[in-house]
Amino acid sequence: MSRLVLRAGIRPSGFSIVQQSRRFLATVAPKSSSSAPATRYDWSHNEIQEIYDGPLLDLVYRASTVHRQHHDPSKIQLCTLMNIKTGGCSEDCSYCSQSSRYSTPTKASPLLEVEPVLEAARKAKANGSTRFCMGAAWRDISGRKRGFQRILEMVREVRAMDMEVCTTLGMLTPEQARQLKEAGLTAYNHNLDTSREFYPQVITTRSYDDRLGTLNAVREAGISVCSGGILGLGEADHDRVGLIYEVARMPEHPESFPVNALVPIPGTPLEKNERVPHDTLVRTIATARIVLPETIVRLAAGRNTLSEAEQMMCFMAGANAVFTGEQMLTTPCSPWDVDKTMMGKWGLKGMDSFEQKNVARKEDAALRDSVR
């Protein structure tokens with residue numbers, strides 16, 4: 001098959017994206033010529049555990065096959081995350097330097113004004129990010145009327161840049177979710193963190209059901225759900241499986257499933273936890289890819305500690321989004337120029353805004369509603 005044919009944009013029937021190279025890695029599966037199996041919402045915990053416990057290379061191969069049935073394996077979503085209100089949070093999340101209960105290097109600061117946030121969004125877009133995420137460290141936004149109105153303005157202005165917009169603001173009411181949707185919010189991040197069973201060992205100031213309630217309000221408002229977890233909290237394998245089980249049985253799978261590796265921060269209760277092993281990270285990503293086939297699996301916090309080869313293994317296992325830029329809330333992030341070089345070397349490119357199927361569907365629905 002001539003490479004000139006491919007460059008001309010002609011792809012013969014049944015010729016997969018992976019076949020653009022004459023060399024095949026052992027763990028890369030060509031895209032199936034048959035239709036992809038239907039997405040399931042009835043997974044049992046045991047079924048997911050059996051997938052997770054399988055031989056690692058077989059697991060990666062299977063996940064890579066599923067990935068190519070539902071996504072373009074050459075594309076990675078580039079996202080930038082900005083802390084718009086730092087520290088002083090009343091929650092007791094054991095991993096978080098922004099909790100007011102712990103003495104950490106993070107100092108509390110008020111909610112930012114609109115213009116510095118917009119300037120950061122412009123910079124992120126200029127560097128290739130197509131999703132801009134804004135995080136505020138507080139339990140919820142009740143009693144913060146003026147602050148919430150400022151955030152709604154941020155959402156409107158960033159959305160006007162033709163970027164996807166995500167926020168993480170703690171717990172939401174259905175009315176607050178509705179207002180965020182009307183302002184143009186694409187996605188809302190609210191991580192479950194771990195399994196229902198292990199969760200009380202990590203957080204006591206809000207319940208698992210509190211988190212699920214916020215996710216339900218977000219979903220009902222027509223906003224895409226971004227919800228995943230953190231590895232390295234002291235959990236066991238069955239807790240990682242339990243996290244995937246929880247999101248797999250939602251009425252609609254999250255549009256995005258972030259997989260974070262704990263970055264131990266001095267002053268927090270988990271400051272002495274050991275770094276999560278790379279094979280555990282890969283195993284979790286691959287299992288999530290198989291169980292949540294249409295979801296974007298986001299390689300999130302802790303990525304800067306991975307070598308380039310370790311990151312590529314995660315992408316082969318089905319990860320297809322990263323945070324890139326100057327910082328991730330209070331932890332280090334891989335800079336744009338480093339990521340551009342890495343992606344160019346490995347033949348990867350960034351997704352366009354609103355390219356993910358479920359995000360595009362909700363965007364189209366919002367546009368239809370606006371012209372009625």
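View 1. Tyrosine 208 is buried at 4% relative accessibility, where buried denotes under 20% relative accessible area, exposed over 50% and partly exposed the range in between (1.4 Å probe, protein chains only). The structure is a predicted model, in which local features need pLDDT of at least 70 and side-chain atom pairs count only at pLDDT 80 or more, while totals for chains, interfaces and linings use all residues. Residues are numbered from 1 along each chain as its sequence is written, and side-chain values use heavy atoms, with hydrogens and water left out. A search of the whole structure returns 1 aromatic pair. That pair joins tyrosine 199 and tyrosine 208 edge-to-face, at 5.2 Å centre to centre and 75° between the planes. Rings of Phe, Tyr and Trp (its six-membered ring) pair if their centres lie within 6.5 Å; planes under 30 degrees apart are stacked, over 60 edge-to-face and the rest tilted. Tyrosine 199 is likewise buried, with a relative accessible area of 3%.

**View 2. Arginine side chains over aromatic rings.** Arginine 283 sits over the face of tyrosine 52, at 5.8 Å from the ring centre. Arginine 298 lies over the face of phenylalanine 323, at 5.7 Å from the ring centre. The criterion requires NZ of Lys or CZ of Arg within 6 Å of the ring centre and within 35 degrees of the ring normal.

**View 3. The annotated cysteines.** An unreviewed UniProt entry places the feature "binding site" at Cys89, Cys93 and Cys96; UniProt positions follow the numbering used here, feature names are shortened, and annotations may be inferred rather than shown by experiment. Cysteine 89 lies in the loop between strand E1 (75-85) and helix H4 (114-126), with helices (H or I, at least four residues) and strands (E, at least two) taken as DSSP runs numbered from the N terminus. Cysteine 89 is buried, its relative accessible area being 9%. Not counting residues up to four places away in sequence, Cysteine 89 touches Gln98, Ser99, Ser100, Ala137, Trp138 and Arg139, a contact being heavy atoms within 4.5 Å.

**View 4. Helix H6 and its buried face.** In helix H6 (residues 174-183), the buried residues are Gln176, Ala177, Leu180 and Ala183. Seen down the axis of H6, these residues fall within an arc of 120°, so they line one face of the helix; the arc is that of the directions from the helix axis to the C-beta atoms. Pro174 and Glu182 are exposed on the other side of H6. The cover over the buried residues of H6 includes helix H5 (145-159), strand E3 (164-168), strand E4 (187-189) and helix H7 (208-220). Glycine 184, with a positive phi near 110°, follows H6.

**View 5. The nonpolar cores.** The largest nonpolar core has 90 residues, and those with the most contacts inside it include Ile84, Tyr95 and Leu180. Helix H9 (residues 278-291) gives the most to this core, with 7 residues. Apart from it lies another core of 8 residues, among them Cys79, Ala187, Phe323 and Cys333. A nonpolar core is a set of buried Ala, Val, Leu, Ile, Met, Phe, Trp, Tyr and Cys residues joined through side-chain atoms within 4.5 Å.
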